[in-house]
Amino acid sequence: MSERGTIGFGDSRIHYQVVRSRKRRKTIEVTVDQPGSVRVAAPADTPAAQIEATVRRRAGWIIRHDGAAASAPPPRRFVSGESLPYLGRSVPLTVRRGDADRVSVHFHHWQFDVDVPRALEGEERSAAVRSAFEAWYRERAAAKLPPRVERMAGLMGVRPSAVLIRDQRRRWGSCAPDGTLRFNWRAIMAPPAIVDYIVAHELAHLRVRAHDAAYWSLVGQAIPDYNLRRRRLRELGATLDIG
C-alpha cells in the first residue's frame with residue numbers, strides 16, 4: 001500500500017505520496033510530477049513526522065508549481081447541469097434515469113446525454129457513470145491523438161513505433177526506449193494547442209532523452225510558444241479529469 005499524507009497551507013490542501021528507498025541515504029526530495037501529483041522521495045527509515053515537516057517547509061514552492069493544491073474542483077455528482085472538459089471546452093451534462101441496463105454516454109452538439117439505470121444509487125451509480133465516461137474519453141483519445149502525433153512527427157522529423165492510450169495517473173505521456181509513445185487518455189480533455197504540446201513533448205524524446213537545451217530546442221521547432229503552453233497545462237491540470 002502506498003504511503004500518503006495531507007497538510008493544510010492557508011486555504012489550500014497539499015496531498016502527497018511518499019516513496020521510500022533504501023538506496024537514498026540522507027536527502028528528502030519533493031517533486032511535482034504534474035498538477036495533483038506531489039511526490040516525496042525519502043530514505044527508507046525517515047520518520048513520517050520529518051517527511052511532513054519537509055513538505056510544510058516546501059509548501060509555498062509546491063503551491064506555485066501545483067495548481068491542483070489550490071484549485072482542486074469538488075467531486076462531481078454526475079447530475080444534469082454539471083459539465084466535463086473535452087478539447088478545452090466545458091461540455092454540459094444532461095442525465096436521464098430510466099430502464100436501461102447500463103450507463104451510456106452520447107455526445108452531440110457539444111452536449112453529453114447520459115442514460116443511467118434507475119436501479120443504480122449512491123457510490124455504485126457514481127462509479128458506473130465514471131467508468132462509462134472513461135471509456136468514452138479513451139475511445140476519443142484513441143481516434144484523435146494518433147493523427148496529431150503523425151502531423152507533429154512530420155514537423156519534428158521523427159517517427160514513433162507505436163502510439164498507445166493508457167491510464168497514466170502521474171504523467172500526460174511517456175516515450176519508451178523502443179519508440180512507443182503512451183498518452184494519458186485525459187489529455188484529450190485539454191485545448192487542442194495543449195494537446196499538441198503534450199504530443200511534441202513526447203516526440204522530442206525519440207531524439208533526445210534528457211530535458212536539456214537540445215531537447216527543448218527540438219520541442220521549440222514545432223511549438224515555439226511551448227513555455228506558455230506548458231504553464232497553461234500546469235494551470236489546467238487539476239480540472240482535466242472526470243473527478
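**Exercise 1. In this predicted model, find the strand order of the open sheet of 3 strands, and say which strands stand at the edges.**

Step 1. The order is β9-β11-β10, and the pairing is mixed.
Step 2. β9 (162-166) and β10 (173-175) each have a single partner strand, so one side of each is left without a neighbour in the sheet. These two are the edge strands.
Step 3. From one strand to the next, the twist averages 20 degrees.

**Exercise 2. Work out how β9 is joined to β11, and which helices lie against these strands.**

Step 1. β9 and β11 (residues 180-184) run parallel, joined by 5 bridges.
Step 2. Take Ile165. Its bridge partner in β11 is Phe183.
Step 3. Helix α4 lies across β9 and β11. Its direction is at about 150 degrees to β9.
Step 4. Helix α5 (residues 192-203) also packs on the sheet, where it touches β10 and β11. It makes about 150 degrees with the direction of β11.

**Exercise 3. Trace the pairing of β6 with β5 and with β8.**

Step 1. Start with β5 (residues 83-86) and β6 (residues 89-98). They run antiparallel, with 4 bridges.
Step 2. Look at the turn. β5 and β6 form a hairpin with 2 residues between them. Leu87 in that turn has a positive phi of about 50 degrees.
Step 3. Move on to β8 (residues 111-117). It pairs with β6 in the parallel sense, over 6 bridges. Here Val95 has Val114 as its bridge partner.

**Exercise 4. Classify the aromatic pairs Phe107–Trp136 and Tyr215–Trp216, and say what the former ties together.**

Step 1. A search of the whole structure gives 16 aromatic pairs.
Step 2. Phe107 and Trp136 are 5.4 Å apart, centre to centre, with 50 degrees between the planes. The pair is tilted.
Step 3. Phe107 lies in strand β7 (residues 104-108) and Trp136 in helix α4 (residues 122-156), so the pair ties together parts 29 residues apart in sequence. Trp136 is buried, at 9% relative accessible area.
Step 4. Tyr215 and Trp216 show 4.8 Å centre to centre and 85 degrees between the planes. Angles over 60 degrees count as edge-to-face, so this pair is edge-to-face.
Step 5. Both residues of this pair are buried: Tyr215 has a relative accessible area of 0%, and Trp216 has 14%.

Conventions:
Residues are numbered from 1 along each chain as its sequence is written. This is a predicted model: local features need pLDDT of at least 70, side-chain atom pairs count only at pLDDT 80 or more; totals for chains, interfaces and linings use all residues. Side-chain values use heavy atoms; hydrogens and water are left out. Rings of Phe, Tyr and Trp (its six-membered ring) pair if their centres lie within 6.5 Å; planes under 30 degrees apart count as stacked, over 60 as edge-to-face and the rest as tilted. Buried means under 20% relative accessible area, exposed over 50%, partly exposed in between (1.4 Å probe, protein chains only). Two strands pair if DSSP finds at least two bridges between them. Axes are lines fitted to C-alpha atoms, for helices over the stretch in contact, and angles run from 0 to 180 degrees between N-to-C directions. Contact means heavy atoms within 4.5 Å.
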